[in-house]
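Reader: I would like to learn how to read a structure, one feature at a time. Could you show me the model and let me ask as we go?

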Amino acid sequence: MRALPHLPPGVALDDLLATLRRLAWGAADILRAYARGGVPPFGFAPVLAVEHGSDGPVTAADLAVNQWLLDGLTQAFPDAPWSLLSEETAKEPLDEAGDAGQEPPAEWLWILDPLDGTKDFLQGTGEYAVHLALVRGRRPVLGVVLLPELEELWFGLLGEDGAAGEAWRENRAGERFPAALSQRRTLPELVLVASRNHRDGRLEQLLAALPLAERRSMGSVGGKVATILRGESDLYISLSGRTAPKDWDLAAPEAVLLAAGGAISHADGRPLSYNDGDSRQAGCLIASHGQAHRELCERASEAIAAIDPDFAV
């Protein structure tokens with residue numbers, strides 16, 4: 001296994017991966033219990049309450065997994081010089097001492113999404129995920145994407161300067177399977193996976209302008225990127241409208257995809273930036289297996305310029 005270029009002082013890679021495995025499978029048990037109306041483990045309340053906020057529904061499942069992840073990382077690495085930021089606590093990031101209301105430090109930050117695809121979770125599609133990403137500065141260095149219903153746990157470790165490193169998936173038995181990006185190269189061969197719940201007319205026009213072989217719909221950014229990692233699809237496009245994806249939606253899937261040799265960027269080629277004071281990832285974002293990424297970006301930019309000349313990609 002390739003080591004990360006750097007980890008915070010006092011944090012060993014093997015210990016970190018072991019902790020992430022334990023927390024991820026524990027999160028899977030919590031979510032699957034809530035999804036089936038059962039009693040969740042670890043003492044969490046057996047009630048699936050739904051509170052509708054400005055960013056969508058928040059459930060007891062979100063909050064239980066949020067607590068499980070935050071407590072687990074803090075207890076496993078009490079002296080690690082990192083901050084913890086999750087979707088559910090975005091307004092109150094925790095500093096390395098566990099104090100709320102502090103700005104995240106510049107160097108190390110965990111960005112967590114305890115339940116990516118809440119609408120799909122509530123709809124019973126099974127297409128939801130859990131994301132954990134370790135960010136250094138503005139870029140991720142490690143990502144974890146858990147797909148509870150598929151019993152898949154994806155890891156991505158990036159090399160020096162964000163270069164492709166190592167990406168793999170595990171099952172509960174600990175068996176490891178490498179990422180298997182497809183070898184489809186030309187646009188008419190490519191398979192696109194798009195959001196089921198976040199679509200508008202401009203996105204439909206953009207997709208219609210790209211000569212792709214097939215289009216599929218599913219929930220959860222992590223789930224969509226996993227289809228690219230398995231070679232089932234080749235690209236995913238996000239076009240912000242009334243809302244935009246946030247850091248916690250993208251940081252972990254990006255880390256795993258880049259570690260596997262894929263690509264993700266704005267349509268103008270700019271890389272994504274995290275922990276920069278604005279959690280929104282607005283614009284036209286393209287994630288792909290990397291084989292035709294530049295051409296995809298160019299074609300998407302041309303199409304958007306015709307569809308909405310004022311849209312900032």
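Reader: At what angle do helix α5 and helix α6 pack, and how far apart are their axes?

Author: Before the answer, please note that this is a predicted model, in which local features need pLDDT of at least 70 and side-chain atom pairs count only at pLDDT 80 or more, while totals for chains, interfaces and linings use all residues. Residues are numbered from 1 along each chain as its sequence is written, and side-chain values use heavy atoms, with hydrogens and water left out.

Author: Two packed helices are described by the angle between their axes and the distance between the axes. Helices here are DSSP runs of H or I with at least four residues, and strands are runs of E with at least two, both numbered from the N terminus. Axes are lines fitted to C-alpha atoms, for helices over the stretch in contact, and angles run from 0 to 180 degrees between N-to-C directions. In this model, helix α5 (residues 221-229) and helix α6 (residues 247-259) pack at about 10°, with 9 Å between their axes. The two helices, α5 and α6, are therefore roughly parallel to each other (angles under 35 degrees count as roughly parallel, over 145 as roughly antiparallel, 65 to 115 as roughly perpendicular and the rest as oblique).

Reader: Which residues of α5 and α6 make the contact?

Author: Contact means heavy atoms within 4.5 Å. On α5 the contact is made by Val 221, Gly 222, Val 225, Ile 228 and Leu 229, and on α6 by Asp 249, Leu 250, Pro 253, Val 256 and Leu 257.

Reader: Is Thr 227 buried or exposed?

Author: Buried means under 20% relative accessible area, exposed over 50%, and partly exposed in between, with a 1.4 Å probe and protein chains only. Thr 227, which lies in helix α5, has a relative accessible area of 7% and is buried. Leaving aside neighbours within four places in sequence, Thr 227 is in contact with Val 193, Met 218, Glu 232 and Ser 233.

Reader: Which residues of α7 are buried?

Author: An α-helix has 3.6 residues a turn, so residues three or four places apart point the same way. In α7, the buried residues are His 293, Leu 296, Cys 297, Ala 300, Ala 303 and Ile 304. Seen down the axis of α7, these residues fall within an arc of 135°, so they line one face of the helix (the arc is that of the directions from the helix axis to the C-beta atoms). On the other side of α7, Arg 294, Glu 302 and Ala 306 are exposed.
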